[in-house]
Amino acid sequence: MFNEEQLEDMTMHIFKGLGYDCINGYELQRDYHSVFCDNNLFNDIANINREFNDEQINEAIKTIKNINQNNVIKDNKEFTKYLLQGVPVEIKTNNGYQYKNVKLIDFDNVDNNHFQAINQFTIIEYEQKRPDIIVFVNGIPLVVIELKTATNEDVKLEDAYTQLTGYRNVYIPSLFKYNQFLVISDGVTAKAGTITSPYSRFSDWKKVEANDEVYENMPTHETLFNGMFRKDRLLDIIQNFILFSDDKKILAQYHQYFGVKKAVLSTLTNGAKTGKAGIVWHTQGSGKSFSMVFYSGN
């Protein structure tokens with residue numbers, strides 16, 4: 001039995017075990033009107049873009065900071081394109097000027113990136129708010145986590161979803177321009193979804209590794225955080241297992257993630273030799289269409 005502060009501490013301990021820099025937001029000297037971790041944003045992005053000068057790095061940062069179409073979902077789509085493909089900046093060459101992309105994440109070298117979990121990160125926009133935990137990669141806020149204690153009978157897991165929805169729609173919408181997925185948890189049950197997911201589409205993540213046993217009514221808090229936030233796993237999910245369908249942002253569920261990974265491996269081994277990669281079985285409503293899109297993208 002634990003209260004919300006203890007749950008937050010427990011969750012930060014998981015991040016520490018995964019190798020993240022864990023920081024108490026109250027201790028950061030920063031501009032509360034910025035949703036970025038500006039203390040290290042420039043250095044982190046410069047570190048993975050050694051071929052660009054300071055002016056070009058600053059231009060890329062300016063581009064993502066100035067995304068503003070007066071629509072959080074459209075802004076999120078635009079940023080996600082930059083996240084996956086890089087931010088084009090103009091550079092001078094012997095043949096004139098051309099554009100090259102500044103990477104925001106080094107997807108090929110996980111250890112080149114800077115992973116932070118910051119709790120109580122104050123943001124002032126329309127009001128002052130402090131999400132429970134924000135996960136930053138290279139100073140960019142990619143995951144927002146809201147926790148509610150299971151010890152209070154008047155507080156439900158859905159209240160965490162409602163709070164995030166208020167943050168997105170009313171109080172601090174700029175944070176969600178950059179968000180890749182959301183997590184809600186009461187310490188027993190943890191679920192993940194996107195900024196466009198209704199509560200009913202937030203899903204448990206029930207495996208850390210592919211062969212782990214899944215059983216009914218299993219607690220999923222530690223399983224989700226260990227299963228989704230291992231550094232290489234997080235980057236894999238962001239790069240290969242999130243997509244837009246019109247204005248709906250879709251996050252793979254755990255069975256899609258592990259099923260697609262297994263199908264890709266089978267394709268590269270058995271399929272390359274025999275032309276037969278195997279069969280993936282789906283139950284009705286399990287998201288087979290999206291699984292095939294994820295498979296094709298991998």
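A crossing of two helices is called right-handed if the near helix is turned clockwise from the far one by less than a right angle, and left-handed if anticlockwise. The legends below describe a predicted model, in which local features need pLDDT of at least 70, side-chain atom pairs count only at pLDDT 80 or more, and totals for chains, interfaces and linings use all residues. Residues are numbered from 1 along each chain as its sequence is written, and side-chain values use heavy atoms, with hydrogens and water left out.

**View 1. The protein chain holds nine helices and 13 strands.** Helices (H or I, at least four residues) and strands (E, at least two) are DSSP runs, numbered from the N terminus. Of the 298 residues, 49% count as buried, that is, under 20% relative accessible area with a 1.4 Å probe, protein chains only.

**View 2. Helix 1 packs with helix 6.** Helix 1 (residues 4-17) and helix 6 (residues 221-228) make an angle of about 30°, and their axes lie 10 Å apart. The two helices are therefore roughly parallel, a term for angles under 35 degrees; axes are lines fitted to C-alpha atoms, for helices over the stretch in contact, and angles run from 0 to 180 degrees between N-to-C directions. The crossing of helix 1 with helix 6 is right-handed. From helix 1, Leu 7, Met 10, Thr 11, Ile 14 and Phe 15 meet His 221, Glu 222, Phe 225 and Asn 226 of helix 6, where contact means heavy atoms within 4.5 Å.

**View 3. Strand 4 is largely enclosed by the rest of the structure, because five of its five residues (115-119) are buried.** Phe 115, Ala 117 and Asn 119 point one way from strand 4, whereas Gln 116 and Ile 118 point the other way. Strand 1 (residues 21-24) pairs with strand 4 in the parallel sense over four bridges. Here Ala 117 is the bridge partner of Cys 22, and Ile 118 is that of Ile 23. Strand 7 (residues 133-137) runs antiparallel to strand 4 and is joined to strand 4 by five bridges. In strand 7, Ile 134 is the bridge partner of Ile 118.

Key: Parallel < 35°, antiparallel > 145°, perpendicular 65-115°, else oblique. Buried < 20%, exposed > 50% of the residue type's maximum accessible area, 1.4 Å probe, protein only. Pairing = 2+ DSSP bridges.
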